[in-house]
Amino acid sequence: MKKSELKKKRVFTVMITAFACIAAVLFLMPTVLTVANSFMTSSEISANYGAMYGNMTSDTKTYISEDVNLKFIPDKVSAGQYESVLFKNPEYLFKFWNSVILTVPITLFQVIVALLASYGFARYEGKVKSIIFFSYIILMIMPYQVTLVPNFLVADKFNLLDTRWAVILPGIFSPFSVFLLTKVMKRIPLSYIEAAKLDGANEIQILAGICVPLCKGPIVSVIMLVFIDCWNMVEQPLVLLGDVDMHPLSVFLSQINTGDIGLAFAVGVVYMVPTVLMFLYGEEYLAEGITCSGGIKG
């Protein structure tokens with residue numbers, strides 16, 4: 001390789017690296033700002049964001065007349081915001097557990113349904129299977145807002161409206177997990193399944209003993225993606241749950257942001273904890289699952 005070409009390659013590498021670093025800093029800045037400001041005292045929060053706070057709570061729309069001071073390092077570290085969120089105001093914890101009650105069943109049963117359905121799609125061929133799988137793809141690419149009204153009407157018809165089942169049941173049968181796991185299971189060599197059948201294994205034993213262990217990484221990545229998606233849902237509970245006491249923390253956050261902005265920072269950090277821990281634990285599985293599903297020929 002010539003020196004000029006080598007120099008151009010190095011310059012290009014440096015530029016790409018610099019761009020990636022700048023993008024990473026910009027991406028992480030809101031999270032770092034939220035965590036840092038959650039440890040500020042109420043007086044410091046008021047001094048830095050008082051103009052914004054006054055504008056947000058005003059009955060009339062006005063422009064911010066003062067500069068908002070974005071600070072990443074508190075003058076004095078204080079856990080007062082967390083004390084209010086975790087101990088003095090149980091309403092925030094109730095909303096947190098509402099999120100857990102909605103998210104965990106949806107994630108658990110959606111993965112179980114997806115495993116059964118994807119095994120069937122991967123094992124059997126035919127026109128009916130192709131039509132059903134194509135319908136799954138169509139449903140997957142549709143925005144949830146398109147199916148929100150039909151879900152509302154069905155929930156109302158079966159007297160599920162204003163109950164948690166109105167949110168949980170449609171979430172269990174979401175097509176995303178089925179599509180992803182079907183693509184992964186098609187990679188399993190047919191010889192493994194035929195050998196298991198010769199040994200007398202039935203379909204459930206083949207699924208549990210062969211397919212699930214071989215798809216461990218993609219299954220964990222599906223669990224993570226479904227959990228994060230359900231944890232952040234807003235439209236479903238907002239439309240299908242009329243009782244405000246049943247709303248998850250994702251819906252309640254918007255109300256906090258228009259009130260005490262100091263508490264909003266602390267609640268935002270508490271809200272991020274489950275998803276951040278899940279990502280840190282399953283980052284390797286997530287990358288593996290995305291890689292497997294992306295390199296498959298249907």
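Leaving aside neighbours within four places in sequence, M185 is in contact (heavy atoms within 4.5 Å) with L115, S118, Y119, A122, L207, C211 and C215. The model is a predicted one, in which local features need pLDDT of at least 70 and side-chain atom pairs count only at pLDDT 80 or more, while totals for chains, interfaces and linings use all residues. Residues are numbered from 1 along each chain as its sequence is written, and side-chain values use heavy atoms, with hydrogens and water left out.

M185 is also among the residues with the most contacts inside the largest nonpolar core, together with V167, I206 and C211. This core has 35 residues; a nonpolar core is a set of buried Ala, Val, Leu, Ile, Met, Phe, Trp, Tyr and Cys residues joined through side-chain atoms within 4.5 Å. Buried stands for under 20% relative accessible area, exposed for over 50%, and partly exposed for values in between (1.4 Å probe, protein chains only). Two or more residues of the core come from each of α4, α7, α8, α9 (190–198), α10 (203–214) and α11, and α4 gives the largest share, 7 residues. Helices here are DSSP runs (H or I, at least four residues), numbered from the N terminus. A second, separate core of 16 residues includes F96, F227, W231 and V267.

Aromatic rings come next. The structure holds 8 aromatic pairs, defined for rings of Phe, Tyr and Trp (its six-membered ring) with centres within 6.5 Å; planes under 30 degrees apart count as stacked, over 60 as edge-to-face and the rest as tilted. F133 and F179 are stacked, at 6.0 Å centre to centre and 20 degrees between the planes. This pair links helix α5, which holds F133, to helix α8, which holds F179, across 46 residues. F133 is buried at 8% relative accessibility, whereas F179 is partly exposed at 22%. W231 and Y271 are likewise stacked, because their ring centres lie 5.7 Å apart and their planes meet at 25 degrees. W231 belongs to helix α11 and Y271 to helix α14 (residues 261–294), so this pair ties together parts 40 residues apart in sequence.

Q236 is buried, with a relative accessible area of 15%. Beyond its neighbours within four places in sequence, Q236 is in contact with Y144, V167 and L241. Q145 lies 91 residues from Q236 in sequence, yet their C-alpha atoms are 9.1 Å apart in space.
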